[in-house]
Amino acid sequence: MATAFSIAQTALFSKTSLSLRTNALTSFTFCLPFSSSAALASDKPHSKKWRQPVTSALELGGVKIAKDDVLRDDPTNNVPDTIFAKLGMQLHRRDQHPLGILKNAIYDYFDTNYSSKFDKFDDLCPLVSVKEMEGVRVFSPEDWAASETDATSYVAEDLKKCLEGLARHLFGDVEMRWVDTYFPFTDPSFELEIFFQEKWLEVLGCGVTEQEILKRSGKTDNVAWAFGLGLERLAMVLFDIPDIRLFWSTDERFTSQFLKGQLGVKFKPYSKYPPCYKDVSFWINESFTENNLCEVVREVAGDLAEEVQLIDNFTNKKGMTSHCYRIAYRSMERSLTDDEINKLQGAVRELVESKLKVVLR
């Protein structure tokens, strides 16, 4: 349910696929929503023209972006001030940061097992749909000709073998299972789950690329696979980081705990401030999404909102569906007062009602 916003993106491309980047595959690489929380773009035309985000020169390891140039006049823009302030930090390019350590471990796997077969890109535009590391590999007819299987089966088998190896590289000798699923740009599509810390954990989404994408790039005889994984979510599991907000912390009590190349060092919590829980219930409508609810909460509470969790739902005899969400508020720096929490919760209720067009209970 939790919704993440991207500040940067990394990608792996097989050597064969490089020629595709200048055509249709460019949009595929930036927008492939392997995250179940990513929303599909609407087919309805917008009345206002979307403007390409503009970035300036790098400074202190980050990219400066003018706020007025971030998706101006676009009805799908949901970037609040708290997220805008973090754009350009490029945490995945910091070797001593959990995201950078995880990214480098993934790179090491491909460099070791697929030497000279992939090129890496980790300096793409930070304004993308979801926080992902993505990989693409393109095959030619010569690759599967001797396999006595069809192209799709051959590529799907290669994909699973590759990603099972990656999972073992990151998590050790764990039990795995493949789950058939749906993604708009791959068919067949799969999710890889591992049994880790006594429960099944989704690691990534992947699949055999839809042929239409390759055809639009003039690659009518090729077949490809692609995968996407969320760096933050996996890093939280591997490093035992309980709160996604900590990734953007500059507190030395956090940053000093991690060293280059040390994957899976367990984070030692230092915040002793308790969370405060508040519930909000409402009748939903057809356009309601949890992603939009999380955006409303973040717009009001910023980094003080730790979690939004669905705790109850039911449908009455009239067919109306009610959801109840529990919001956890917590500061990493101080104890929050009842008065400020009540004010935040009141503002959340008002904005949920006005912006999401739901009926409060």
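Just after helix α7, Asp-240 takes a positive phi of about 55 degrees. Asp-240 is a residue other than glycine, and it is found in the loop between α7 and α8. Is Asp-240 buried, exposed or partly exposed? With a relative accessible area of 34%, which lies between the limits of 20% and 50%, Asp-240 counts as partly exposed.

Let us step back and take in the whole chain. Its secondary structure comes to 10 helices and 13 strands, and of its 361 residues, 46% are buried. If you take the contacts between residues at least 6 apart in sequence, 66% of them join residues at least 24 apart.

How far can you trust what you see? The mean pLDDT of the chain is 77, and 73% of the residues reach 70 or more. Two stretches call for care. Over residues 1–8 the pLDDT stays under 50, and the model has 34 contacts beyond four places in sequence for them. Over residues 17–61 the pLDDT also stays under 50, with 93 such contacts in the model. Where pLDDT is low, the predicted coordinates should not be read in detail.

Now go back to helix α7, which covers residues 231–238. How many of the eight residues of α7 are buried? Six are, so this helix is largely enclosed by the rest of the structure. The buried ones are Leu-231, Glu-232, Leu-234, Ala-235, Val-237 and Leu-238. Among the elements that cover them are the helices α3 and α5 and the strands β5, β7, β8 and β9.

Strand β7 has a detail of its own. Pro-188 lies in this strand, and the peptide bond that joins Asp-187 to Pro-188 is cis, with omega at about 0 degrees.

The axes of α3 and α7 come within 9 Å and cross at roughly 100 degrees. An angle from 65 to 115 degrees counts as roughly perpendicular, and α3 and α7 are therefore roughly perpendicular to each other. On the α3 side, Pro-98, Leu-99, Leu-102, Lys-103 and Ile-106 meet Leu-231, Glu-232, Leu-234, Ala-235 and Leu-238 of α7. Sorted by class, this contact has eight nonpolar residues, two charged ones and no polar ones. As you trace these residues, remember that an α-helix has 3.6 residues a turn, so residues three or four places apart point the same way.

Helix α3 (residues 98–113) also meets helix α5 (residues 151–171), and here the axes come within 10 Å and cross at roughly 130 degrees. These two helices are therefore oblique to each other, and α3 passes α5 in a right-handed crossing. From α3 the contact uses Leu-102, Ala-105, Ile-106, Asp-108, Tyr-109 and Phe-110, while α5 brings Lys-161, Cys-162, Gly-165, Leu-166, His-169 and Leu-170. The contact of α3 with α5 has eight nonpolar, two polar and two charged residues.

In the loop between α4 and α5 you will find Glu-148. Glu-148 has a positive phi of about 60 degrees although it is not a glycine. Its relative accessible area is 80%, so Glu-148 is exposed.

By class, the contact of α9 with α10 divides into 11 nonpolar residues, one polar and two charged.

The last stop is Tyr-273, in the loop between α8 and β10. Which residue 62 places away along the chain has its C-alpha atom 5.4 Å from that of Tyr-273? Ser-335 does. Leaving aside neighbours within four places in sequence, Tyr-273 is in contact with Arg-330, Ser-331, Met-332, Glu-333, Arg-334 and Ser-335. Tyr-273 is partly exposed, with a relative accessible area of 30%.

Methods. Residues numbered from 1 in each chain as written. Predicted model: local features only at pLDDT ≥ 70, side-chain atom pairs only at ≥ 80, totals over all residues. Heavy atoms only, no water. Nonpolar A, V, L, I, M, F, W, Y, C, P; charged D, E, K, R; others polar. pLDDT = per-residue confidence, 0-100. Contact = heavy atoms within 4.5 Å. Axes fitted to C-alpha atoms, helices over the stretch in contact; angles between N-to-C directions. Helix = DSSP H or I, 4+ residues; strand = E, 2+ residues; numbered from the N terminus. Parallel < 35°, antiparallel > 145°, perpendicular 65-115°, else oblique. Left-handed = near helix turned anticlockwise from the far one by under 90°. Buried < 20%, exposed > 50% of the residue type's maximum accessible area, 1.4 Å probe, protein only.
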